[in-house]
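Biologist: I'm new to this one, so let's go through it slowly. Can you show me what we're looking at?

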Amino acid sequence: MTERLSPGDEAPNFTLPTDTGDTLTLADLRGRRVVLYAYPAAMTPGCTKQACDFRDSLASLQAAGYEVVGISPDKPAKLAKFREHDALTFPLVSDEDKQVLTAYGAWGEKQSYGRTITGVIRSTFVIDEKGRVERALYNVKATGHVAKLRRDLGLD
């Protein structure tokens, strides 16, 4: 079982390629609150629903001081297609070797249609301005998760 993060833990730093061909480092976002969400695969129904929910809530999240970043093991080129296809307006980072997903406890065994498989555990992390985990939410649902997160953060 992959070690999971808890509130108060230091968020593992990362430098990963983005959907735009740039790199994004968590340290570059210090001073801002970050919602980092891990999803299994770009351009699949659940992941598209979740990404579009974040897109549609982005203005209010940013107004409250949050930056949103999506992370998956997809290649940057696939992430670029995902961003363009669904008009996503926040960075998507590629963790092809799954080291960052593992460090966050978002890669490991999970149940899928009654079978145990290894893959991305759909998760969301709220990271404070100093790089500490405020919330670590594992096995979240693709549908309705952003609305629940917004309520939990006191935005609704």
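Biologist: Are Phe125 and Tyr138 buried or exposed?

Modeller: Keep in mind that this is a predicted model. Phe125 and Tyr138 are both buried, which means under 20% relative accessible area for each.

Biologist: What makes Arg4 a charge over the ring of Tyr138?

Modeller: Arg4 lies over the face of Tyr138, 4.3 Å from the ring centre; the limit is 6 Å. Lys98 does likewise over the face of Trp107, at 5.2 Å from the ring centre.

Biologist: How many aromatic pairs does a search of the whole structure find?

Modeller: Seven. One of them joins Phe54 and Phe90, with 6.5 Å centre to centre and 70 degrees between the planes. That angle is over 60, so this pair is edge-to-face too.

Biologist: What does the pair of Phe54 and Phe90 tie together?

Modeller: Phe54 lies in helix 1 (residues 45-63), while Phe90 sits in the loop between helix 2 (76-85) and strand 5 (92-94), so parts 36 residues apart in sequence are tied together. Phe54 and Phe90 are both buried.

Biologist: Which residues do ring pairs link into a cluster?

Modeller: Tyr37, Tyr39, Phe54, Phe82 and Phe90.

Notes: Residues numbered from 1 in each chain as written. Predicted model: local features only at pLDDT ≥ 70, side-chain atom pairs only at ≥ 80, totals over all residues. Heavy atoms only, no water. Phe/Tyr/Trp six-rings, centres within 6.5 Å; stacked < 30°, edge-to-face > 60°. Helix = DSSP H or I, 4+ residues; strand = E, 2+ residues; numbered from the N terminus. Buried < 20%, exposed > 50% of the residue type's maximum accessible area, 1.4 Å probe, protein only. Lys NZ or Arg CZ within 6 Å of the ring centre and 35° of its normal.
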